[in-house]
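Trainee: I would like to learn how to read the surface features of a model like this one. Could we go through them slowly, with the general idea before each case?

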Amino acid sequence: MNNRYLPSITLANDVLQEIITATELEMELKKHLINTIGKVIKKLQKSRWKCYSLQ
């Protein structure tokens with residue numbers, strides 16, 4: 001392989017690695033949001049049950 005292509009391959013690899021890292025971070029954020037939303041829904045369901053049981 002000609003050395004003149006190495007800088008562009010390295011740059012492309014760096015860009016691809018940044019995309020992969022950003023995707024992984026986005027997936028972790030989505031997991032966290034889904035978990036948080038699930039907890040909020042459970043709390044709302046419990047509070048609604050308490051309201052109904054008081055009536």
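Mentor: Let us begin with what a patch is: it is made of residues with over 30% relative accessible area and no salt bridge, and nonpolar side chains are joined into one patch when they lie within 5 Å. Please keep in mind that this is a predicted model. Here Leu11, Val15, Leu16, Ile19 and Ile20 form such a nonpolar patch on the surface, and together they have about 450 Å² of accessible area.

Trainee: Where does Ile19 sit, and is Ile19 buried or exposed, or something in between?

Mentor: Ile19 is placed in helix H1, which covers residues 6-54.

Trainee: What secondary structure does the chain have as a whole, and how much of the chain is buried?

Mentor: The chain has 1 helix and 0 strands, and of its 55 residues 0% count as buried. The accessible surface of the chain comes to about 5600 Å², with 65% of that area belonging to carbon and sulfur atoms.

Trainee: How many salt bridges are there, and which residues form them?

Mentor: A salt bridge is counted when a side-chain nitrogen of Lys or Arg is within 4 Å of a carboxyl oxygen of Asp or Glu, and by this rule there are 2 salt bridges. In one of them Glu26 pairs with Lys30, with the closest N and O atoms 3.3 Å apart; both residues lie in helix H1, 4 residues apart, which is about one turn of the helix. Glu26 is partly exposed at a relative accessible area of 43%, and Lys30 is also counted as partly exposed, at 47% relative accessibility.

Trainee: And what joins Lys31 to Glu28?

Mentor: Lys31 and Glu28 form a salt bridge whose closest N and O atoms are 3.5 Å apart, and these two residues of helix H1 are 3 residues apart, again about one turn of the helix. Glu28 counts as partly exposed, with 48% relative accessibility.

Trainee: Which residues gather in a patch of positive charge?

Mentor: For charges, the general idea is that like charges are joined within 9 Å. On this surface Lys39, Lys42, Lys43 and Lys46 gather in a patch of positive charge. Among them, Lys46 is placed in helix H1 and is exposed, because its relative accessible area is 58%.

Technical notes: Residues numbered from 1 in each chain as written. Predicted model: local features only at pLDDT ≥ 70, side-chain atom pairs only at ≥ 80, totals over all residues. Heavy atoms only, no water. Areas by Shrake-Rupley, 256 points an atom, 1.4 Å probe, with all protein chains shown as cover. Buried < 20%, exposed > 50% of the residue type's maximum accessible area, 1.4 Å probe, protein only. Lys, Arg positive; Asp, Glu negative; His and termini not counted. Charge placed at Lys NZ, Arg CZ, Asp CG, Glu CD.
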